[in-house]
Amino acid sequence: MSENQTRIVVIGAGIGGLSTAALLAKRGFPVTVLESQAYPGGCAATFEHNGYRFDAGATVGCGFHKKGPLDLLGEELGISWPILSCPAAWDFIQSDRRIHLSHSRQEIIREFPSSEPFWESQQSLASFLWSLSGDLLPWPPGDINDVASLVRMVIRKAPSFSSMLPLVNKTTLQWLASYGLDADRDFVRFIDAQLLISVQTTAQYANAVNAAIALDLPAKGTHRLTAGIGSVAEKLAKTVVDFGGTVVFGADVQNIEHKGRRVHAVTAGDETRYPADIVVANLTPDSLGGLFREPVARIDGMKKGPAHFWSAFVLYLGVEESVFGNKPISHVQIVGESGELGEGNSLFVSVSPSDDSLRAPEGFRAVTVSTHSRPEPWFQARAAGKEVYERRKEAYTQNIMSLLVQHFNEIDKKVDIIRSATPVTWERYTGRKQGYVGGYPQTSLFSVRGPGTPFSNLFLTGDSVFPGQSLPGVVTGARRLADLVERRFGTRSKK
Ligand SMILES: Cc1cc2nc3c(=O)[nH]c(=O)nc-3n(C[C@H](O)[C@H](O)[C@H](O)COP(=O)(O)OP(=O)(O)OC[C@H]3O[C@@H](n4cnc5c(N)ncnc54)[C@H](O)[C@@H]3O)c2cc1C
């Protein structure tokens, strides 16, 4: 029996939903997680297919470093993550330029010597921001308690806050300009490529403060997960159960019931009704709005800024090991010489480790290749008919394969299996309207969402909520939400 009778229903077993659920289950709340798929993880799942375990979206284990968000979460929940430290985060490749992104920024500075002072400033700001993330910065403040703890934090760390202040409203390009780097076309392209994958937009729009921490991910060190990144969600789902909670797979929530400004039950596709005192939605605001019978003010619609929201086109390839030779390859970012990034002109390629026999049949590797893609044309193609949609899929696949062949000798001739996911697939698979994945473009600190909704007992978790995308991002948001729920609806901690 749980010590607390405040029933919590979590919609969605992504990293955000599961982290929130596990923390609340540990704190004594009776928690039920409802997941529409047959396995957990959402954008950070690993799925099985023909003897392979493919990472569906996320592939790089970020935030596991000492006192990083995943490390802190594991410590609190008693989880020992199945991780191994990677010598380099990923390789950046553009024509004949190749840069290992690792703990040290030396290779970057060797390529772009005049950028050294910029990296010093970035590093110092990032270490302050990591400390704020550890302290669960209550941003944006949702109530008077948040305001009070924000004020206390600002007073305690006044010198660091004041050095951050000049950048709060700057774009990354303006920040680069203050170091005379905005006219360095190659350096800006390098930064653009890093920002697109970490804050969903490029230097022209990306907020400088968001960029400072995003650019720090390789330097903080990355990890690989045995059996694929889905191990994180699998561990979290088990932890929910170990702390007395329940995780129901194949439970596609269709409807949220409410009376005035309180929600009180959710119903899954098989008509099972789950009464709830608190509902946590691991959804985008658009998808959450769709679960109410009538439009709900302030839930519908993602906040749109100047930058696009992205989805992704992803290829899953089972490939003969010989393609990779003896090189200890893991992640490679391939960027076209010019032109807009995404849509096959920039790729992120992740290859399963040779010594992880759980990922692929002997002699083969599981490869995930992703590129940013705008959803609208994909949905138009689908509306135009199966043939148009399939043709578009084939064109993307061919385009990506021809780029891959330039870097991986004869990869096209050594493919065992090939599968793809378009924005339409992402919408169907994650329930995210328009297949918007990767979180919101981080253009302003002042237009971000907190976990609150117009309902007093309905909260959002996941990458639509500050601080946004990535495993460390959603885990930080989940830790903040668990504290908020405990504070408002309190229970004694199960030790
Ligand atoms: C291609 C790609 C590459 C990425 N690479 C990285 C990376 O290398 N490293 C990194 O840290 N991050 C990466 N990310 C970002 C990271 O994966 C996401 O930010 C994070 O996993 C999002 O988690 P979430 O909890 O917000 O939501 P989701 O992962 O979207 O989870 C939501 C869950 O809710 C379920 N659900 C939805 N609707 C319903 C419903 N009605 N009823 C029941 N269940 C429902 C879904 O099935 C899903 O399981 C990548 C993302 C993508 C798409």
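## Report on the predicted model

Gln-200 is buried, since 27 other C-beta atoms lie within 10 Å of its own. The model described here is predicted. Gln-200 belongs to the loop between α8 (185-199) and α9 (208-214), and its phi is positive, about 65°, although the residue is not a glycine. Most residues other than glycine have a negative phi, and most peptide bonds are trans.

### Backbone geometry

Ser-470 likewise has a positive phi, of about 90°, without being a glycine. Ser-470 counts as buried because 26 C-beta neighbours lie inside 10 Å, and its place is the loop between β19 and α16. That loop between β19 and α16 also holds Pro-467, which is joined to Phe-466 by a cis peptide bond. A further cis peptide bond links Trp-139 to Pro-140, and Pro-140 sits in the loop between α4 (116-134) and α5 (144-156). The table lists these angles.

| Site | Backbone feature | Angle |
|---|---|---|
| Gln-200 | positive phi | about 65° |
| Ser-470 | positive phi | about 90° |
| Trp-139 and Pro-140 | cis peptide bond, omega | about -10° |
| Phe-466 and Pro-467 | cis peptide bond, omega | about 5° |

### The five-stranded parallel sheet

An open sheet is formed by five strands in the order β9-β2-β1-β13-β19, with parallel pairing. β9 (246-249) and β19 stand at the edges; each has a single partner strand, so one side of each is left without a neighbour in the sheet. On average, neighbouring strands of this sheet are turned by 20° against each other, direction ignored.

At the β9 end, β2 and β9 run parallel and are joined by four bridges. Leu-34 has Val-248 as its bridge partner in β9. Helix α11 (residues 230-242) packs on the sheet and touches β2 and β9, and its direction makes about 130° with that of β9.

Strand β13 (residues 278-281) has pairing partners that include β1 and β19. With strand β1 (residues 8-11), β13 pairs in the parallel sense over four bridges, and Ile-8 stands opposite Ile-278 in β13. With strand β19 (residues 458-460), β13 pairs in the parallel sense over three bridges; here Val-279 has Leu-458 as its bridge partner in β19.

In a regular strand the side chains alternate between the two faces of the sheet. Both faces of β13 are covered: Ile-278 and Val-280 on one side, and Val-279 and Ala-281 on the other, are all buried.

### The seven-stranded mixed sheet

Seven strands form another open sheet, in the order β7-β6-β15-β16-β17-β14-β18, and its pairing is mixed. The edge positions are taken by β7 (97-101) and β18 (415-421), each with a single partner strand, so one side of each is left without a neighbour in the sheet. Neighbouring strands of this sheet are turned by 15° against each other on average, direction ignored.

Within this sheet, strand β16 (residues 346-351) and strand β17 (residues 364-373) run antiparallel and are joined by four bridges. Ser-350 has Thr-368 as its bridge partner in β17. Helix α15 (residues 423-430) packs on the sheet, touching β14, β17 and β18; the direction of α15 makes about 95° with that of β14.

### The ligand shell

The ligand is surrounded by 40 residues, and the closest are Gly-12, Gly-14, Gly-42, Gly-431 and Gly-462. Two or more residues of the shell come from each of α1 (15-26), β2 (31-35), β14 (311-320) and α16 (471-489). The largest share, three residues, comes from α1. By class, the shell has 17 nonpolar, 19 polar and four charged residues.

Domain 1 (8-45 + 67-83 + 228-303 + 445-489) and domain 3 (310-435) both give residues to the shell around the ligand, so the ligand lies between them.

### An exposed loop residue

Glu-294 is found in the loop between α12 (285-289) and β14. Glu-294 is exposed, because 6 other C-beta atoms lie within 10 Å, whereas Gln-200 is buried with 27. Glu-294 and Glu-320 are 26 residues apart in sequence, and their C-alpha atoms are 52 Å apart in space.

Methods: Residues are numbered from 1 along each chain as its sequence is written. This is a predicted model: local features need pLDDT of at least 70, side-chain atom pairs count only at pLDDT 80 or more; totals for chains, interfaces and linings use all residues. A residue is buried if 20 or more other C-beta atoms lie within 10 Å of its own, exposed if 12 or fewer, and partly exposed in between; C-beta atoms are placed from the backbone. Two strands pair if DSSP finds at least two bridges between them. A residue is near a molecule or strand if its C-beta atom, placed from the backbone, lies within 6 Å of it. Ala, Val, Leu, Ile, Met, Phe, Trp, Tyr, Cys and Pro count as nonpolar, Asp, Glu, Lys and Arg as charged, and the others, Gly among them, as polar. Domain bounds come from an automatic or database domain assignment. Axes are lines fitted to C-alpha atoms, for helices over the stretch in contact, and angles run from 0 to 180 degrees between N-to-C directions. Two residues are in contact if their C-beta atoms, placed from the backbone, lie within 7 Å.
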